[in-house]
Structures are given as C-alpha cells and as structure tokens.
Amino acid sequence: MADIAISVNNVTKLYKLYEKPTDRLKESLGFSKQKKYKEVYALSDVSFDVKKGECVGIIGTNGSGKSTILKIITGVLNPTMGSVLVNGRISALLELGAGFNQEYTGLENIYVNGTIMGFSREEIDARLDEIINFADIGEFIHQPVKTYSSGMFVRLAFAVAINIDPEILIVDEALSVGDVFFQAKCYHKFEEFKRAGKTILFVSHDLGSVAKYCDRVVLLNKGVKKTEGEPKEVIDIYKQVLVSVPAAEQRKNLEEEISRYLKPENKNGRWYSKLEVNPQLLDYGEKQAEIVDFALVDEDGKINSGIVKGSEFTIKMKVEFHEDISDPLFCFTIKDPQGTEVTGTNTMLERIDTGLYRAGTVHEVEFRQKMTLQGRSYLLSLGVVGFGGGRFTVYHRLYDVCDINVISDKNTVGFYDMDSTTTIDGIVRKRD
C-alpha cells in the first residue's frame, strides 16, 4: 500500500428521496413504520486504486456518479458503505467557487482555501504572488468574490489549487471553464504536475484530454464501475455507452454563435487590434525579420476570430525585414487548448520559393484555406524562419498569438469533418 495514493474500497452512496418534507420528519421521529422514501444509488460497490504519480481519469455520462466519488474521496460526503483511504495532501477543484466565502475578497479567499487544504499562513505567503499572477484577474483580487464572473471564480480557484503544491490534485471539469488562453495555461501547468510525478485524479467530458493526459481511466455508468484500463480501450467502451444516451442539449442557433465573435471595425488600428490577442503569447526569435501585424479574415473579407465551419478563411501576416534574407519560410500552426498541433503548413511544405527580401521592406503573406475543423476554440501560432548562414534560424515566432473560434452546427468525430455524403438505397440523403 506504500505506493497507493488513493484506495476506494466497495463504496456505495445511497440517497433517500422523500415525496414530502413531513415524511422525512415522521421517519426521523419514529412515527411512520412504512417506508416513505425512494432509494437512489448514486454509487454502488465501486472500487479502484490510484498509484502515486499516476494520472487517472474518471469518465461517464451525466448522473454516473463521477462528482459523487470525488466528493467522497475529498471528504465532502461520507459513503453509505465502504471506505476510502488517502495517502497524501489533497488539493481539490470540484465545483465552481466551492469553498469561497462570497463576502470575502479574492485575496482573503486564497488564505481561507489554503488553510482548508491544511497549509500554514507562511506556506501560503510564499506562494501568494504565483497564485495571483496565475489567476490574472487584476484588481478584482481585492474585490468580494460575489462580484466575480464564473470565469473569474474558476481562474482563482484553479490558481490556488494548483499553485499550493499538493501531493494529490483532483480536478472536476474545471479546465473547460474560462477563455482558450487560460485553458492553455491550465493544461501547461497540468503537464508540469505530471512531469513532477504528482498524483492526479481527473474528471472530464473532454475525451481528447483524457486520452492525452491519463495513464489509466475508470468508466462509471449509473453509479457502477463498468471497467477500467488503458485510456483508448476505456474510451472506446464509453462511446458504445453513449450510443444509447439521447442528446441532453439542443443545438445552439448558428447565427447567434457567429454574432458572439464579430468585432467592431477599427480602421485606425492594426489588423490585430480587431482580434482578441493572447496577453501571454510566447514571442521570440533573432528578429532579422519580424511579424509586425496579423489577422484572421473570414469569407466576407472581415477580420474576425469567429470562422464558420465549411467556409473559406485567410490567415494573414505582415513581415518587416531588418536584414536582406533569401528564401525565408513563412509558417502557421493551429493547436487545441491542450497544446496538440492539429494542423498547419509553411511555404517549404507548399513547395514555394519565396525569393529575396531586402532590409527595410514590409511584405504581406496570406494562407487561404477551407475551415474543416470541428466547432471549438483553437490557438494560432505564426512564424518566419530560414537557413541563413547555413544554419536553421528562427527570425520571429509568435506562439498562441490569438484564438480561432470555429462555429459549427454539426460536428463529427475527431478534429476534422471529411464532409461525407450519405447514400441509402442509391438515394443521397441530406439533413433537413
């Protein structure tokens, strides 16, 4: 057991649902001999272990018991039967704003949450600047959290949970909250935790994240552990479970989605002034050539971070040359918030000889293509590189410079939509 961080042993959680509050009172006073409640099992005889240094995912449909088991592990709930053993100091990010006092400021809540986790004031003081910088909510840190948006809640909660340096980190869907830049930062910190050998218990509906980060996955279904094992195998079984589950939400109206991302025109500013630029983008290079402007342009010719799936769009960048450079390579890469490179290209892959560019000149580069990615947020990176002086040289790179919001009313499996045509009995079928 020395190598076990969490041991869940035959855990059952039973809830009694009463039709009327008076029925509960009568039973507690012994006035009713008949059963006035319905028994509902949130969990039934669930067992699994998490080894130290493992990242274990828990997946399942809504109502499968995922959040319940996390609350039992963290001590928020007691099991009806069974036991849980925890070997290590836990930091848990369960529900949005859980453990926050609405009347306290963000700063005060850092100390409250840190104390609840078992840290001394001195330990919290030592990490305070790191927590505040990670949360990045500005002067709101000194305002009562009742004034916070849901995104600000989770930024602060995650900053406290992950920067307090716990031995075991438990996260329940929190990485899916906040803008794409904050998600990318969270996943980067997540990777740091894995490299440091921390134990992570991770609940998410994002199967891509589960497959990428988890060493093992537990599948819960209707309160019962259906299976556990390698991520790919368990995810495949989960997809079979999903086939029988009806969609829980209606599709969003496509035009409403588009309007969320339209930016007002700004004729006096640079291209990028019309986009939401990542305040924590990575900017580096020797700067013999420099990217001085960039844009995403939709099929109507407007600079816009919202690109409709199936439409054509253009990635543009303006490059200023500070030295004479022959045959530079112009590049772009699109990544998901977890850092996986989804697609991209450069002028060498496109078999284009770019030629000679003189010092003091500015040139515009465009990549035009059809948007076939699934509807979600992505991150755009840009670059100008080359082989000056016989060596590979990074003139300028902008990593995660802005987000691309792909707007879609139909998503398929994976990253891409292959735009399939369905034919049944020789008749081409189309959506109504």
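**Figure 1. Crossing of helices α5 and α6.** The crossing of α5 and α6 is left-handed, a term used if the near helix is turned anticlockwise from the far one by less than a right angle, with clockwise giving right-handed. The model is predicted: local features need pLDDT of at least 70 and side-chain atom pairs pLDDT 80 or more, whereas totals for chains, interfaces and linings use all residues. Residues are numbered from 1 along each chain as its sequence is written, and side-chain values use heavy atoms, without hydrogens and water. Helices (H or I, at least four residues) and strands (E, at least two) are DSSP runs numbered from the N terminus. The axes of α5 (residues 150-163) and α6 (residues 180-195) come within 11 Å and cross at roughly 15 degrees; axes are lines fitted to C-alpha atoms, for helices over the stretch in contact, and angles run from 0 to 180 degrees between N-to-C directions. That angle makes α5 roughly parallel to α6 (under 35 degrees; over 145 is roughly antiparallel, 65 to 115 roughly perpendicular, the rest oblique). The contact (heavy atoms within 4.5 Å) involves V154, R155, F158, I162 and N163 of α5 together with F182, C186, K189, F190 and F193 of α6.

Figure 2. Strands pair if DSSP finds at least two bridges between them. β15 (residues 329-335) and β19 pair in the antiparallel sense over 7 bridges, and L329 stands opposite V385 in β19. β20 (residues 393-407) runs antiparallel to β19, joined by 9 bridges; here V384 stands opposite H396. β19 and β20 form a hairpin with 6 residues between them, and G389 in the turn has a positive phi of about 70 degrees.

**Figure 3. Surroundings of V401.** V401 lies in strand β20 and is buried, with a relative accessible area of 0%. Leaving aside residues up to four places away in sequence, V401 touches E276, V277, N278, L281, F294, L380 and L382. The C-alpha atoms of V401 and P279 are separated by 8.3 Å, although the two residues are 122 residues apart along the chain.

**Figure 4. Open sheet β11-β13-β18.** The 3 strands of this open sheet pair in the antiparallel sense. β11 (289-297) and β18 (362-370) stand at the edges, each with a single partner strand, so one side of each lacks a neighbour in the sheet. β13 (residues 312-321) and β18 share 9 bridges, with V319 opposite H363 in β18.

Note on methods. Buried < 20%, exposed > 50% of the residue type's maximum accessible area, 1.4 Å probe, protein only.
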